[in-house]
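My plan is to look up one thing at a time and write down what I find.

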Amino acid sequence: MGGKPDAVASAERRRCLVVDGAKPLANASHGRFGDLGRKGTKWFTMKALILVGGFGTRLRPLTLSFPKPLVDFANKPMILHQIEALKEVGVTEVVLAINYRPEVMINFLKDFEDKLGITITCSQETEPLGTAGPLALARDKLADGSGEPFFVLNSDVISEYPFAELIEFHKSHGGEATIMVTKVDEPSKYGVVVMEEATGRVDRFVEKPKIFVGNKINAGIYLLNPSVLDRIELRPTSIEKEVFPQIAADQKLYAMVLPGFWMDVGQPRDYITGLRLYLDSLRKKSAARLATGAHVVGNVLVHESAKIGEGCLIGPDVAIGPGCIVEDGVRLSRCTVMRGVRIKKHTCISNSIIGWHSTVGQWARIENMTILGEDVHVCDEVYSNGGVVLPHKEIKSSILKPEIVM
């Protein structure tokens with residue numbers, strides 16, 4: 001045939017970027033999404049910026065132990081759901097825009113960098129820069145001269161991440177920026193995106209409209225041309241309130257309605273709702289990953305290293321993490337049990353999050369959005385009604401009404 005061996009051809013196509021002294025990954029490969037992955041015969045690299053930002057105050061006490069993007073969701077760190085989905089459409093470099101504990105984030109993600117064959121670097125803010133300023137700060141990492149668009153994501157958004165469809169839509173309309181929007185039941189609580197249904201072109205934004213103007217809101221997932229960076233100054237700036245309205249006024253902003261579910265899981269109640277939606281989606285797309293058996297009700301995700309005793313009833317909408325031990329007669333519903341947790345006999349847990357390496361005693365009852373931080377130990381027969389317990393505490397008496405236990 002006269003062609004080169006696949007390995008040689010693949011090596012010739014490989015192009016790794018070195019940022020901040022990071023070594024290029026030997027197994028990094030180029031983005032390929034049908035014909036969108038090439039320009040003529042030239043291969044290019046897709047990039048993404050994830051807005052990691054703030055202190056995760058709404059998800060405390062879990063974020064007292066880990067930055068919010070590293071908090072487990074459905075048995076893996078939130079941000080890893082996004083990075084894996086980006087990798088699938090050919091993104092080879094992810095920049096984390098961060099101002100809180102960058103060393104924890106980058107050290108944790110180094111293992112995944114090697115496994116996924118993707119370069120992960122940090123762009124650190126010395127002061128909070130809002131949702132647009134971080135793009136200006138990371139300008140040199142995002143604009144490589146190729147002219148290719150890059151992704152921008154909010155780190156606490158969970159969805160089915162239809163990135164391939166987003167790329168196709170963005171390429172088709174020829175505008176400068178594409179935002180994903182999602183439909184909501186109560187648009188008056190949000191900033192609404194008013195758009196042309198036929199083309200997706202965004203007309204304007206209306207903040208918390210008193211009368212109905214539409215039911216689509218910004219989903220926190222964008223695909224932007226590098227020219228957008230020229231619109232952003234290096235100062236605290238809102239991409240939603242300052243940059244996007246400007247692009248819309250120039251008739252260069254388009255919106256794509258996000259198929260499937262969407263949830264911002266940055267606070268406990270939404271986290272639990274997001275888990276239900278995620279498990280529903282998993283049932284449709286990859287049901288084999290869900291647990292089965294007489295002890296399972298509805299959608300339940302159990303890590304292969306977890307152990308579940310006799311006479312339990314698990315589900316619906318439960319995630320049980322690595323190394324967990326669930327003893328006999330336990331009832332779990334609408335909850336997350338994180339890595340290394342031990343739940344003793346005949347305990348009942350619902351609508352709650354149990355943090356890493358915690359223990360819940362026998363005949364305990366945990367409910368009503370109780371959040372246990374890392375390494376919390378609840379004694380036998382204790383009741384918690386909405387307790388929020390900081391890490392490394394022992395709870396010997398019942399929490400009868402929602403309160404923070406320090």
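**Confidence first**

I am reading a predicted model. The average pLDDT of the protein is 83, and 87% of the residues score at least 70. Over residues 1-44 the pLDDT stays under 50. The model has 64 contacts beyond four places in sequence for that stretch. Where pLDDT is low, the predicted coordinates should not be read in detail. I move on.

**The core**

Which residues touch the most other members of the largest nonpolar core? I find Leu96 and Phe151, in a core of 67 residues. Helix H8, residues 268-285, gives the largest share of this core, with seven residues.

I checked the length of H8 next. Its 18 residues should span 26 Å at 1.5 Å a residue. The C-alpha atoms at its ends are 25 Å apart, so the two values agree. I also listed buried residues in H8; among them are Tyr271, Ile272, Leu275, Tyr278 and Leu282. Pro268, Gly274 and Ser281 of H8 are buried too.

**Phe151 up close**

I went back to Phe151. Leaving aside neighbours within four places in sequence, I noted its contacts. They include Met46, Lys47, Ala48 and Leu49. Leu86, Val89 and Val91 are also on the list. So are Phe163, Leu166 and Ile167, along with Tyr222 and Leu223.

Then I turned to rings. The structure holds six aromatic pairs. In one of them, the ring centres of Phe151 and Phe163 are 4.9 Å apart. Phe151 sits in strand E8 (residues 150-154) and Phe163 in helix H6 (residues 163-173), so the pair ties together parts 12 residues apart in sequence. Both Phe151 and Phe163 are buried.

**A hairpin**

I followed strand E11 (residues 191-195) into strand E12 (residues 202-207). The two run antiparallel and are joined by five bridges. Gly191 has Glu207 as its bridge partner in E12. Six residues lie between the strands of this hairpin, and Gly200 there takes a positive phi near 85 degrees.

Pro61 is in the loop between strands E3 (46-53) and E4 (72-73). Another runs from Gly315 to Pro316, with omega near 0 degrees. Pro316 is in the loop between strands E18 (313-314) and E19 (318-320).

Met369 has a phi near 60 degrees. Met369 lies in the loop between strands E25 (365-367) and E26 (371-372). Asp375 has a positive phi of about 60 degrees, and its place is the loop between E26 and strand E27 (377-378). Buried or partly exposed? Met369 has a relative accessible area of 11%, under the 20% limit, so I count it as buried. Asp375 is at 25%, so I count it as partly exposed.

**Last entry: Ser350**

Ser350 is in strand E23, residues 348-354. Its relative accessible area is 13%, so Ser350 is buried. Beyond four places in sequence, Ser350 touches Ser333, Arg334, Ile366, Glu367 and Asn368.

Technical notes
Residues are numbered from 1 along each chain as its sequence is written. This is a predicted model: local features need pLDDT of at least 70, side-chain atom pairs count only at pLDDT 80 or more; totals for chains, interfaces and linings use all residues. Side-chain values use heavy atoms; hydrogens and water are left out. Helices (H or I, at least four residues) and strands (E, at least two) are DSSP runs, numbered from the N terminus. Buried means under 20% relative accessible area, exposed over 50%, partly exposed in between (1.4 Å probe, protein chains only). Contact means heavy atoms within 4.5 Å. pLDDT is the predictor's confidence in each residue, from 0 to 100. A nonpolar core is a set of buried Ala, Val, Leu, Ile, Met, Phe, Trp, Tyr and Cys residues joined through side-chain atoms within 4.5 Å. The expected span of a helix is 1.5 Å times one less than its number of residues. Two strands pair if DSSP finds at least two bridges between them. Rings of Phe, Tyr and Trp (its six-membered ring) pair if their centres lie within 6.5 Å; planes under 30 degrees apart count as stacked, over 60 as edge-to-face and the rest as tilted.
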